[in-house]
Amino acid sequence: MLIAGNWKMFKGAHQAREFAAQITRLDDRSSGVDVVVCPPFVSLQATIQGLGEGSNVSVYAQNVHWELEGAFTGEVSAPMLLELGVKGAIVGHSERRQRFGETDDTVGQRAEAALEAGLAVIACVGETEADREAEETEAVLELQIGAIPEHERLVIAYEPVWAIGTGRTASSEIAQEAHAFIKSLHPTRVLYGGSVNAENARTLLSQPDVDGALVGGASLDAQSFEAICLAAAEIAGE
Ligand code: PEP
């Protein structure tokens, strides 16, 4: 089971350090769960420092570039992340795909480069509401997944775009069906993302093909993030 908190463009260095210091307590109670937090680039170092030595909470970035260095203003490379102690990166989040021109091709390149450098990867896929209404969900997922490499350090996050930040969680049936389909194409752990919170986490995480969650809004509050991690630990222990 893997629970990852995507902080999006929230928490500068000061807040990130404080939050990290609060969740180090999770170490003892989250056995069976890989816990990850994904702060903005500028808060990565403060988060790592706040967690302290020996924490079993890992820090991932929210994106990573495919080149090692070069004239790519605003981008950050895998070696730069590794130098800070970052363990992985999200690629292909729907906010990047929809608002910053990310394509299946660039998502694939980012994932390949991150894996080659030694980072873990959470690669996001998911259909829009229009795709689902047009019964194109499987076709869209197939295209997105076709661009994602297979690797032991890569997990996929199924994040239906209509469920992200909307409070409209996918039903556990929809999540299970999509996860089973994704696994038929790509043998990997599949996280669910889209309005997961402390109340609905248990039901979603209990589905046989749901291997964890990528959590946005509810990961910004230490108490609700902890509650989701503890629900995952209970299910992992069942
Ligand atoms: C996300 O940002 O990946 C996400 C799933 O957000 P939220 O949980 O807020 O829907």
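Biologist: Which residues lie nearest the centre of the largest pocket?

Modeller: The largest pocket is lined by 17 residues. On a 1 Å grid over the protein atoms alone, a pocket is an open set of points where a 1.4 Å probe fits, with protein on both sides within 12 Å along at least five of seven lines, and lining residues have an atom within 4 Å of a point. Nearest the centre lie Lys 8, Met 9, Gln 62, Arg 96 and Phe 100.

Biologist: What kind of model is this, and how are residues numbered?

Modeller: Residues are numbered from 1 along each chain as its sequence is written. The model is predicted: local features need pLDDT of at least 70, side-chain atom pairs count only at pLDDT 80 or more, totals for chains, interfaces and linings use all residues, and side-chain values use heavy atoms, with hydrogens and water left out.

Biologist: Which helix gives the most to the lining of the largest pocket?

Modeller: Helices here are DSSP runs (H or I, at least four residues), and strands are E runs of at least two, numbered from the N terminus. The top contributor supplies 3 residues to the lining of the largest pocket and spans residues 94-99. That is helix α4.

Biologist: How much space lies in the largest pocket?

Modeller: Grid points are joined across faces, edges and corners, and a volume is the space filled by probe spheres set on the points. The lining has 7 nonpolar, 5 polar and 5 charged residues. The space in the largest pocket is about 510 Å³.

Biologist: And how much space lies in the second largest pocket?

Modeller: The second largest pocket is lined by 17 residues, with Leu 2, Asp 34, Tyr 60, Ala 120 and Arg 189 nearest its centre. Strands β2, β3, β5 and β6 each supply at least two lining residues. Its lining divides into 10 nonpolar, 2 polar and 5 charged residues. The space is about 220 Å³.

Biologist: Back to helix α4. Which side chain makes a polar contact with the side chain of Glu 95?

Modeller: Glu 95 is found in helix α4. Beyond four places in sequence, Glu 95 touches Lys 8, Phe 100 and Ile 164 (contact: heavy atoms within 4.5 Å). A polar contact is a pair of N or O atoms within 3.5 Å; within protein, one must be able to donate a hydrogen and the other to accept it, and residues adjacent in sequence count only if both atoms are side-chain atoms. At 2.7 Å, the partner of Glu 95 is Lys 8.

Biologist: Is Lys 8 buried or exposed?

Modeller: Lys 8 sits in the loop between β1 and α1. Its phi is positive, about 50°, although Lys 8 is not a glycine. Buried means under 20% relative accessible area, exposed over 50%, partly exposed in between (1.4 Å probe, protein chains only). Lys 8 has 19%, so Lys 8 is buried.

Biologist: How far is the side chain of Lys 8 from an oxygen atom of the ligand?

Modeller: 14 residues surround the ligand, and Lys 8 is among the closest (near: a heavy atom within 4 Å). His 93 places a polar side-chain atom 2.9 Å from a ligand oxygen. A polar backbone atom of Gly 217 lies 2.8 Å from a ligand oxygen. For an N or O atom in the side chain of Lys 8, the distance is 2.8 Å.

Biologist: Which backbone oxygen does the side chain of Arg 97 reach?

Modeller: Arg 97 lies in helix α4. Its relative accessible area is 17%, so Arg 97 is buried. Its contacts include Glu 102, Asp 104 and Gln 144. At 2.9 Å, the side chain reaches the backbone oxygen of Cys 124.

Biologist: And which backbone oxygen does the side chain of Thr 188 reach?

Modeller: Thr 188 is in the loop between α8 and β7. With 13% relative accessibility, Thr 188 counts as buried. Among the residues it touches are Val 155, Lys 183 and Asp 211. The side chain reaches, at 2.8 Å, the backbone oxygen of Leu 154.

How values were computed: Ala, Val, Leu, Ile, Met, Phe, Trp, Tyr, Cys and Pro count as nonpolar, Asp, Glu, Lys and Arg as charged, and the others, Gly among them, as polar.
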